[in-house]
Amino acid sequence: MEAASAPVALRQYLNGNWLEGEGRKITSVAAADESRVLAAGAAASEGQVDAAFAAAHQAKKSWAAVPMATRAAILATAAGYLKEHAEQFGEELAAEEGKTRAEGIGEVLRAAQIFTYYAGESDRAAGTVFQSPRHGEQILVTHKPLGVVGIITPFNFPIGIPAWKIAPALVFGNTVVFKPASLVPILALRLVQALEYSGLPAGVLNLVIGPGALGDGFLSNSYVNGLSFTGSTAVGRRLCASGAARGIPVQAEMGGKNASVVLADADLDLASEQVLFGAFRSTGQKCTATSRLILDEAIAEEFLAKLTTRLEQWKTGNPLDPEMHMGPLVDAKAAASAREGIERAVAEGATLRFQGAAPESGNFLAPTILDLPSDATGRDNCAWREEFFAPILAVRTVKGIEQAFEAAEDSDFGLSLALFTSNLSTAIQAQQTLDVGILHVNSESAGADPHVPFGGAKASGYGPKEQGAAAREFYTHTTTTYLRG
């Protein structure tokens, strides 16, 4: 591997070979200092994307025939490799993406955990036997791989999200063409290196690095049998439409505008801690991050006092400094967009309640809290409607549970929601009525465990959920066999 002080060489991984890209030159720079080049190379060409799909197609029958236990052993070995290199890879992640060193190392370890979880798939049920109404017959439902799967991932979890797509795809017998976000390619290289080290056969996993247009073309390839995407709602819907036109299954995890609801009976110390974590960890660059805060007016001022007191101790700066709680946004474009979003929100009637300290240069943005009017102008404010993907929290006050739930539902998105209450009946009511894919009761809105389904409702998701047993619903199709001796 390259020394930490030298830029990483960006290469494509096609049919088991590391090759120079044939497209335009690309670089990856540090989120905290864009003058520092972390990686350099050339993007994949359209011809190389076609070669990746051809290699995956060529390998799909032989890989599907490999016993699942063998496929699982490769994932388990890759998990060990990631654990062994977690500190190095985590620091590379923090430098490139901007989240703190601790979060970067934690993400690498989570990727290893995901690989370990799916390595256990070989010990789980492979199908289902049903009773038949006819004498001497059994009905057997078995699962078969889709075939060649395209995987497109975002910048904000550059190894975690690829792991939770690639691990189930491989263990269920699919071959993969993988395109990471070109902003953060280093951890994609590391993930592929882990699987190459573990003995993955040539052609089973292929890596193409380049601009978004490369991914847009995945569904036009004649060899693709399925696509898993995480990213913006606009791009996701376009890919879903293209997949539907060709009859190709698409799994899309898209935007979020997640709310935390703090009711009058909540533990305010717990709630203020968890809301802070949900809104400002990873610089707010999570699809599950809290970006809307709904407070019962009876506790609103007390709660905000507790939250801002905590934020006054929150340190924003170099993500590799262990004293920092939050790093920069991923690049200058993201930082400029976030600042512009704050300006628009204020122009539309928001009040700047709190803004912490952050370095003035670079892609840093301090934690920001905006008060929105409780009337219709607050509902229409861009800070209430748009996903800023930044450490910006929009606050509205309500009266009672009914108004709180109405405000929580007031969004096109339905990914994650955090509810803070001491009343079990209220928590059950939320579980039954609020249309979200993930509900947290008395914990932050962000977080996803590998053994349970992950995904959103409404405009936040399309197709089968990810992770856990739900992943099999996308990466395989079933054959129902009527078996009579």
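Let's start with a pair of strands: β13 and strand β14 (residues 290-296) run in the parallel sense and are joined by five bridges. Pairing here needs at least two DSSP bridges between two strands. The helix and strand labels are DSSP runs, counted from the N terminus (helices are H or I with at least four residues, strands are E with at least two). Within this pair, V261 sits opposite I294 in β14.

Before going further, keep in mind that this is a predicted model, where local features need pLDDT of at least 70 and side-chain atom pairs count only at pLDDT 80 or more, while totals for chains, interfaces and linings use all residues. Residues are numbered from 1 along each chain as its sequence is written, and side-chain values use heavy atoms, with hydrogens and water left out.

Back to β13. Five of the five residues of this strand (residues 258-262) are buried, so β13 is largely enclosed by the rest of the structure. Buried means under 20% relative accessible area, exposed means over 50%, and partly exposed is in between (1.4 Å probe, protein chains only). N258, S260 and V262 point one way from the strand, A259 and V261 point the other way, and all are buried.

Now for the sheets. β1 pairs with strand β5 (residues 37-42) in the parallel sense over three bridges, and A9 stands opposite A40 in β5.

Another open sheet of three strands has the order β6-β7-β23, and its pairing is antiparallel. β6 (127-131) and β23 (476-484) are at the edges with a single partner strand each, so one side of each is left without a neighbour in the sheet. Here too, neighbouring strands are turned by 20° against each other on average, direction ignored. β6 and strand β7 (residues 137-145) run antiparallel and are joined by five bridges, with Q131 standing opposite Q138 in β7.

On to the helices. Two packed helices are described by the angle between their axes and the distance between the axes. The axes are lines fitted to C-alpha atoms, for helices over the stretch in contact, and the angles run from 0 to 180 degrees between N-to-C directions. Take helix α2 (residues 68-84) and helix α4 (residues 101-119): their axes come within 8 Å and cross at roughly 160°. That makes α2 roughly antiparallel to α4. The angle classes are roughly parallel under 35 degrees, roughly antiparallel over 145, roughly perpendicular from 65 to 115, and oblique for the rest.

Which residues make the contact of α2 with α4? From α2 they are A72, L75, A76, A78, A79, L82 and K83, and from α4 they are V108, L109, A111, A112, F115, T116, Y118 and A119. Contact means heavy atoms within 4.5 Å. The residues of this contact divide into 13 nonpolar, one polar and one charged. For that count, Ala, Val, Leu, Ile, Met, Phe, Trp, Tyr, Cys and Pro are nonpolar, Asp, Glu, Lys and Arg are charged, and the others, Gly among them, are polar.

A76 is worth a look in this contact. It lies in helix α2 and is partly exposed, with a relative accessible area of 41%. The C-alpha atoms of A76 and F115 are separated by 6.3 Å, although the two are 39 residues apart along the chain.

Helix α2 also meets helix α5 (residues 160-171): the axes come within 9 Å and cross at roughly 155°. α2 and α5 are therefore roughly antiparallel to each other. In this contact, M68, R71, A72 and L75 in α2 meet A167, L170 and V171 in α5. These residues divide into six nonpolar, no polar and one charged.

Finally, two backbone spots. N442, in the loop between β20 (438-441) and β21 (457-458), has phi near 65°, a positive value in a residue other than glycine. K458 lies in strand β21, and its phi is near 50°, again positive in a residue other than glycine. N442 is partly exposed at 28% relative accessible area, and K458 is partly exposed at 33%.
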